[in-house]
Every structure is written in C-alpha cells, then in structure tokens.
Amino acid sequence: MSSHREAPEISKDPVADNTDVYAFVSPDRPDTVTIISNYIPLEGPAGGPNFFEFGDDVLYSIYIDNDGDARPDITYQFEFSTQVRNPNTFLYNTGTIASLDDPNWNRRQFYDVTRVDRRKGSTVVGKDIPSPPCNIGPRSTPSYASLATAAVRDVASGETVFAGQRNDGFFVDLGAIFDLGDIRPLQNLHLIPTPPTASVDTLSTLNVHTIAIRVPIRMLTKDGSVPTDPLSSNAVLGIWAGAGRRKVRLTDGPLQSGAGPWAQVSRLGNPLFNEVIVPMGRKDEWNAADPDDDKDFAGYVRQPELAKLLPVLYPGAFPHLAGLSSSRDDLVAILLTGLPSGIVPGFQNFTGPTLADMLRLNVAIRPSASPSPLGILGGDLAGFPNGRRVADDVVSIELKAVAGATYPLVNKSYIPDNAVSAVSEYLTPAADRHQSAFPYLGLPHDGFSTPSP
Amino acid sequence: MSNLSRRSFLKGAGLATGAAIIGASPIAASAATEEAPELVAHPSALPKDPLVAYVRDAQKSEVTVLHGTDEVTYRDPALTKRLLKAAQHGRRKPGEVA
C-alpha cells in the first residue's frame, strides 16, 4: 500500500515499482504544483553495501492531462545514470561524504529531466543533476540534511526537482489490513476475533526513493493561466505516474543492454486503485494500460470487492452496506471522473466523462491553513481526493468511502452504517515523516540507527 | 516491425554490441526471407516461445538468434541488411512509451 508491491509482476521489480503519487498546490509556493512519485517499496535503511538507487534502465514518467481526455499533455521524464569512481573497492563510500562531489562517495547517480509537451515536443530541461547518497549513518553521512538540500535543484525553465532517498511518508497498518482485512484496534469485532491491540505504523522506519518536481501552475494548465475560479474546467489537472522498461533486455555475462520502445510496467494515480480495486488476474494488465483505457476496469469500481467483504468480515457492523447492490457511482466519481460541481459546495474536480484513474487536482483551491488528514471528508477542500498531500490519511478516507461514507453523495436517502465512523487506520505519523518545504517528505532514516539499537 | 526503435538499433550497431532486436515467430522469420518488410498495424499477441534475432555487430554482420534456451551467433550480411532496413521503418518519437 498504497501501491507497494500491489501487483504480481511489479512486486518482483522494486526499482520500477511506483509506491505513491502525490500532487498538491505547494503550501509555501501556491503559484506552483508539486508532484511526487515514489519508487522502491519497503527500503530498509541499512540495506548496504549496495544501497538502494534508481534504475538506469527504467524510464520514470510523471503525466499531466490538462484537457480531460486522460491522455498526457505534459510529461516529465527522468532517466538516471550511475557513475562508479573506484570499481576496485566493495564500498559505497570510502570515507565521510561531505558534499555531492565528495571523492569519498564511490557510487553516484545523476539524472536528466525531459519535458514532453504534447503540442510542442520535447525539451531536456535538466541534465546530469545529482541525486544525494542514501543516508548511511553518522560516519558516512553525518550532515545528511545538507546533502539532501544540495540535491534540490532549480532548472532554467522554471521547475524545481529532486530525486533521491526520502522517508516513506505513507502510513498504514499493513500487517493488519492484509490479515483478512483486520483493522486494529477493532480486531475483537472481526469474524476471526483477537484481543484489541494498538494499530501499527508499518512503514514508520522505512525509506523510499522519491522523484519530486515543483512546476509553476501556468506551465501545466491548458491555456497557460493560473486559475482562480475553482468551478472553471481549466482549474483541474489529471495527474499520474508510470515507469517503463525497454521491451527487450539482453544479458550476456556481466553485460546487459536493452532495446525497443519503453513498455510501461508500473502505473499509479489514485492510491490503492490497483491494490484494492483491481483483481489479481488483471493487476499486471492494469499496470501496462493507460488511464484512457480504464473503462475496462470500471466494473470493479462500481461493485468493489472490498465493499462486499466488510459486512462478512465484521458481522452485523455493516447492515446498510450489505444491502447496497447499486452501482457505486460515488466511487466512480471520486476515482474515475472527478466530482462534478454541485456535490461539494464550492468545489469540483471533474475532468469529463472519460473514465480514468488519475489524481485530479483543482489548482484554484488554495492550500489549507489547517489541513485535515481526511481531506474533503474532513471539510478540507485542499486534500484528497483533490489531488493528494503527503499527510493525507488516504487509507482511512478510502476505507470510509468504500464502507459507504460517500454513497449519500449520489443517493441522499442512503444512511451510512454507524460503523463507518469507526473505520480508520488509527495512526498519526511521526512529525519527521513529512516536512513543510520541498520535497515535503522527511529526511530518510539512516541505516546505523534504524531501527533504533 | 512497428515496435522497433531505430534510434536504439543504430546506436547499438554503432557500438558493435547487441542492442537491435527483432522478435518474431518462426513463421514470421521465414517470411522475412521474402520481399521487402511490410509494417503490421496490429501485431499478434506475444508468443509463449518467441524467436528473437538481433544484430550483435552490424560492421561484422553478426546476428544472434535465440529460441527456447538455445542461442547461436552467425555471420549473415543479407539478414543484417534486412534487419537494419526494417529498423528504419520502426522509428518512434523520442521518449514515446509503447
């Protein structure tokens, strides 16, 4: 979760496995949008001597649709290359890494950024930008914050970029939810009950590899404007990310090469879509597909499996949900079309009738001064499912929605079960999981002290 | 043929190492001995047991063929020429994802 190891094939290919996508109006730069795309699920901070890195043979892409057809109008592509200073040592670093060009750092990564405009063509906007090292420990990376800050780069065309290791800001009780849908501390109410215990923040000591880009809003909207009317169709951007590998890969001894076009192996828009909505037999297919083909998967949104399971797993707790057999048009709106105007006062993120899994961000909604982790469900229009911020509690939001909390949006006579209010992850992430400035995810845990000795 | 990347093909050939690939069924391979290549708009589904041929070294006309668990490399100027010509038809836009 939200897309960590969510499909059979991509779970075997961590460097291309997109774990989370975030898109929000930057709280400290509200004339910009920040988009974050994370890879490499469940990074143990002590994972040396070959510490985690991006794939040189992977094309990482961030897509923006600004005209509602679920096809990318703007694409940012990130391609990495690795340089080894001294191949005759097994060490990642031969001393303290004090700067991004420190000769003690043996294995470095650099990346190019290309902006592809559907109408104007491709432009390389950044070349040979350094990634920071992984956070190893007090001997190797004692001033990690300065290394990470040095890797935040402004490019001439106006964007700000970062690519490197960060704290995985996503929070979920992974061990419970995949143990037959348990929700700690409500496990005493489960079909297979156990005594209540506190929920567990499974990812709290793990890292991830982050690609983050901050883009002026005017560089993303269809007409180059900075919309101020939330009800304007120009104000809504569709956003998702993906990773591709060359169609053919050749291995000959220690040598490897690839050929052919990039074939998409990972895709992510809304959190949990492929993980919880798409069935096992079609998850790999979904990862290879494009959002404008998502009508083929809409049936799983209209009749989500999880909505059928909850009344079974929690006997007697969801009688109204158990009797709900109609199409879940509330979930279709949230996940596949955006919410049209007239449902939530002063808000819409409708992109048209094309059914497509994308984050939908209304850039005319200003950042919230007091964000609610429950986003729109919590009365905060700047949060999920209006895009997604790093601290949004998307698991609780989506669990509540699937459990029926949002069905009254399309059928006012429906009364959600009382249990819906209790459906939650019951987690408050530690303060260092996120930060207030770009790239907004916290500094990565270091390998020496995580988990704490 | 439409799935070939001319850019990567030529790049690989220039480096004299394998980077140009053509995947085909045995039937398609035999057809390749006939007239000029014809673009296929809607290729067949990926076979379970593909035959893959690639130009290992264009200068030396070395072609490697892989089928099942077998691999053989031989010199075939005619096939090398045909593959290079076929690759020219498969040019994609830079960065385009299949």
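A residue is called buried here when its relative accessible area is under 20%, exposed when the value is over 50%, and partly exposed in between. The exercises below apply this to a predicted model.

**Exercise 1. Where in chain A do the two partners A:Asp20 and A:Arg388 lie, and are they buried or exposed?**

Solution. 
- Step 1: The side chains of A:Asp20 and A:Arg388 form a salt bridge, with an N to O distance of 2.8 Å.
- Step 2: A:Asp20 belongs to strand E1 (residues 18-25), while A:Arg388 sits in the loop between strand E12 (359-362) and H9; the pair is 368 residues apart and links distant parts of the chain.
- Step 3: Both A:Asp20 and A:Arg388 are buried.

**Exercise 2. Classify A:Arg118 and A:Asp73 by accessibility, and locate the salt bridge that joins them**.

Solution. 
- Step 1: The side chains of A:Arg118 and A:Asp73 meet in a salt bridge at 3.1 Å, N to O.
- Step 2: This pair also links distant parts of the chain, 45 residues apart: A:Arg118 is in the loop between E5 and strand E6 (121-130), and A:Asp73 is in the loop between strand E3 (58-65) and E4.
- Step 3: A:Arg118 counts as partly exposed because its relative accessibility is 35%.
- Step 4: A:Asp73 has a relative accessible area of 0% and is therefore buried.

**Exercise 3. Describe the surroundings of A:Asn106**.

Solution. 
- Step 1: A:Asn106 is placed in the loop between strand E4 (74-84) and strand E5 (107-117).
- Step 2: Its relative accessibility is 5%, so A:Asn106 counts as buried.
- Step 3: A polar atom of the A:Asn106 side chain lies 2.6 Å from the backbone nitrogen of A:Asn86.
- Step 4: Beyond its neighbours within four places in sequence, A:Asn106 contacts residues including A:Gln83, A:Asn86, A:Leu91 and A:Tyr92.

**Exercise 4. Which residues of helix H6 are buried, and against which helices do they pack?**

Solution. 
- Step 1: In helix H6 (residues 305-313), the buried residues are A:Leu306, A:Ala307, A:Leu310, A:Pro311 and A:Leu313.
- Step 2: These buried residues pack against helix H3 (273-277), helix H7 (319-322) and helix H9 (394-405) of chain A.

Definitions and conventions
Residues numbered from 1 in each chain as written. Chains lettered and ligands numbered in written order. Predicted model: local features only at pLDDT ≥ 70, side-chain atom pairs only at ≥ 80, totals over all residues. Heavy atoms only, no water. Buried < 20%, exposed > 50% of the residue type's maximum accessible area, 1.4 Å probe, protein only. Helix = DSSP H or I, 4+ residues; strand = E, 2+ residues; numbered from the N terminus. Contact = heavy atoms within 4.5 Å. Polar contact = N/O pair within 3.5 Å; in protein donor to acceptor, adjacent residues only side chain to side chain. Salt bridge = Lys/Arg side-chain N within 4 Å of Asp/Glu carboxyl O.
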